[in-house]
Amino acid sequence: MPRLIVQSEEQAGQIFNLNGESSRVGRINENEIVIQHKSISSHHAEFILDGNDYLIKDLDSTNGTRVNGERVKSVKLRKGDFVRVGNIEMIYESEFAPDVKPLPDSNPAINLSGSGFKGLPAHFKNASLIPKILPGSEGLSIGLICGWLLFISAFFYYIYKLFLS
């Protein structure tokens, strides 16, 4: 029988068996699963039978419903899924549901020796409008740019004073 086992410290170990076509979880007694916690809405979520297992559907709760850390509106549950309603986290267990896919190895031995930077291709052309500054010519290029900017600004200032003042 599918069930939820509370993992959160406040109610750790509490078990809720899921049976029937649907089971609502919430803070008030109208729900099949009642969890008295301020982070849970009156009608928080609903577990709906889908084949032999359940899917969880958020009922527009204030604090949302999460499965394995992801906020969801509706998702089919798998054995080992972490279900969080409000701030209460539970684990879904079922003899029917497939296991949660394991995470990939966090430290795989991948050989990256052939992926280093080997320089620019022979046909590469620089698309920049500013020419490359060669060693020893930094002052010359920067001086030319500053000179042109000064000339252009003086020119437009002169035009402004002559015609618009």
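Trainee: In this predicted model, how many bridges pair β1 with strand β11?

Mentor: Strand β11 covers residues 88-93. β1 and β11 run in the antiparallel sense, and the number of bridges that pair them is 4.

Trainee: Which residue of β11 is the bridge partner of V6?

Mentor: β1 spans residues 3-6, and β11 spans residues 88-93. Within β11, the residue bridged to V6 is M90.

Trainee: What is the bridge partner of I5 in β2?

Mentor: β1 is also joined to strand β2, residues 15-17, by 3 bridges, and these two strands run antiparallel. In β2, the partner of I5 is I15.

Trainee: In what order do the strands of the 6-stranded open sheet stand?

Mentor: β1 pairs with β2 and also with β11. The pairing in this open sheet of 6 strands is antiparallel, and the order is β2-β1-β11-β10-β7-β8.

Trainee: Which strands stand at the edges of that sheet, and why is one side of each left without a neighbour?

Mentor: Strands of a sheet pair through backbone hydrogen bonds, either parallel or antiparallel. An edge strand here has a single partner strand, so one side of it lacks a neighbour in the sheet. The strands in this position are β2 and β8 (70-72).

Trainee: What is the average twist from one strand to the next in that sheet?

Mentor: The sheet is the open, antiparallel one with the order β2-β1-β11-β10-β7-β8. From one strand to the next, its twist averages 30°.

Trainee: Which residue in β8 is the bridge partner of V67?

Mentor: Strand β7 holds residues 65-67 and is joined to β8 by 3 bridges, with the strands running antiparallel. In β8, V67 has as its bridge partner E70.

Trainee: What is the bridge partner of L55 in β9?

Mentor: Strand β6, residues 53-58, pairs with β9 in the antiparallel sense over 3 bridges. In β9, the partner of L55 is K76.

Trainee: Is S41 buried or exposed?

Mentor: S41 lies in the loop between β4 and β5 (45-50). Leaving out residues up to four places away in sequence, S41 touches G26, R27, S61 and T62. The cut-off for burial is under 20% relative accessible area. The value for S41 is 11%, so S41 is buried.

Trainee: Is W148 buried or exposed?

Mentor: W148 sits in helix α1, residues 138-164. A residue counts as exposed over 50% relative accessible area. The relative accessibility of W148 is 55%, so W148 is exposed.

Trainee: What accessible area does the nonpolar patch containing W148 have?

Mentor: The patch lies on the surface and consists of L144, W148, F151, I152, F155 and F156. Together these residues have an accessible area of about 690 Å².

Trainee: What percentage of the residues in the chain is buried?

Mentor: The chain has 1 helix and 11 strands, and the elements run β-β-β-β-β-β-β-β-β-β-β-α from the N terminus on. The chain exposes about 12000 Å², with carbon and sulfur atoms supplying 59% of that area. Of the 165 residues in the chain, the buried share is 27%.

Note on methods. Residues numbered from 1 in each chain as written. Predicted model: local features only at pLDDT ≥ 70, side-chain atom pairs only at ≥ 80, totals over all residues. Heavy atoms only, no water. Buried < 20%, exposed > 50% of the residue type's maximum accessible area, 1.4 Å probe, protein only. Areas by Shrake-Rupley, 256 points an atom, 1.4 Å probe, with all protein chains shown as cover. Pairing = 2+ DSSP bridges. Patch = residues over 30% accessible without salt bridge, like charges linked within 9 Å, V, L, I, M, F, W, Y side chains within 5 Å. Salt bridge = Lys/Arg side-chain N within 4 Å of Asp/Glu carboxyl O. Axes fitted to C-alpha atoms, helices over the stretch in contact; angles between N-to-C directions. Contact = heavy atoms within 4.5 Å.
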